[in-house]
Amino acid sequence: MDTENKDLVNNIPEDDAGESLKEAGEKFTSTLDIDKDDIDFELERYGISEEKAAEEEASAEEEISAVKKKPFIIQKPIIIAAVSFLLVAVLILGSVFIYRGFFQKGVEGSWDWVIYNGDEPQSIYGGGMYFVFDSEKIYMTNGSNNVIAAYSTAKGEDGKLNITSNFFTDFLGLSVETGKVTFSENGDKMEINFGGDASLNFLRKELPALKNDPKALSHASVDEAEIKSMVIDDKLVGTWKDEMETSFTFNADGTGKYKASESVVLMQYYTDKLEVETSFVYTTYNGEILVTFPYYNGEKGDMSMKYSFDGETLVMEGIGYKKAQ
């Protein structure tokens, strides 16, 4: 600093210097007293409104709050546990239904009709007679011949299965039509008890193959006539019914079926609650229909029926049949 200026400073009166410093300090301090108008002015200078600033502040607070809560980190294990529980429940219930539907055994199926000699079962008719239960009907069959009747089942008061059918009274001659069903532990043995000692016993068994080949002729008349191949009367082919709705069906391949569905003569009495169906193979020879019945036990039966035509009527053994449309 030059001497002149130094002298000016040094020559400032003490009172004047103190007053100047005081004024400068007050002016500096006043700049810290910022009011709302000053804040708004500065925000506007930078293109920021008060509302926008408040929104950004609220948004920032929400993000901070979301980070603090982290709801999925807490709830995810709960959701996974719940889904796992439901899947296990579905698998268990599904297994129960599959077991009941496919493995748990009931009356439906084919059964070998047996009697017991002590603890040993013996097949009736040499293993050639079976009972077959579908969802609605009972079939008693030896292969060719079938006696058929409707049946129903219901749980008794003791929890056991009861089975009811006219088959038991109208065909087997039992005094009651309802029997109590008992199965062995594995379901392969079945007893139907009708009270007292009246009962039917069965072993679950697949039906044997039925040799029903029309080309393998075995009728006695065929053998006697030395017939080497079957002969089918084309006029005979079709289904024929009498007035009682009993029908014969003759197929072009040498197979056929007899069916009585309205009234059948069975064991010397009439009933309209049973059906009879008989499958057979046949050939024609010298005005006769030669019929063979194959059985499950390998044996065969046969019969002959004389036939002729009276116009459009088929006459067999003196009974007239009309061709079904």
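Tyr258 counts as partly exposed, because its relative accessibility is 23%; partly exposed lies between buried, under 20% relative accessible area, and exposed, over 50%, using a 1.4 Å probe and protein chains only. This is a predicted model, in which local features need pLDDT of at least 70 and side-chain atom pairs count only at pLDDT 80 or more, while totals for chains, interfaces and linings use all residues. Residues are numbered from 1 along each chain as its sequence is written, and side-chain values use heavy atoms, with hydrogens and water left out.

Now the aromatic pairs. The structure holds 17 of them. Rings of Phe, Tyr and Trp (its six-membered ring) pair if their centres lie within 6.5 Å; planes under 30 degrees apart are stacked, over 60 edge-to-face, and the rest tilted.

Take Phe131 and Phe202: their ring centres are 4.8 Å apart and their planes at 55°, so this pair is tilted. Phe131 is in strand 3 (residues 130-133) and Phe202 in strand 10 (residues 199-204), so the pair links distant parts of the chain, 71 residues apart. Strands here are DSSP runs (E, at least two residues), numbered from the N terminus. Both Phe131 and Phe202 are buried.

Back to Tyr258. Tyr258 forms a tilted aromatic pair with Phe248, at 5.0 Å centre to centre and 50° between the planes. Phe248 lies in strand 12 (residues 247-250) and Tyr258 in strand 13 (residues 255-260), so parts 10 residues apart in sequence are tied together. Phe248 is buried, at 10% relative accessible area.

Last, the cluster. One aromatic cluster includes Trp113, Tyr151, Phe131 and Phe202.

Technical notes. Helices (H or I, at least four residues) and strands (E, at least two) are DSSP runs, numbered from the N terminus.
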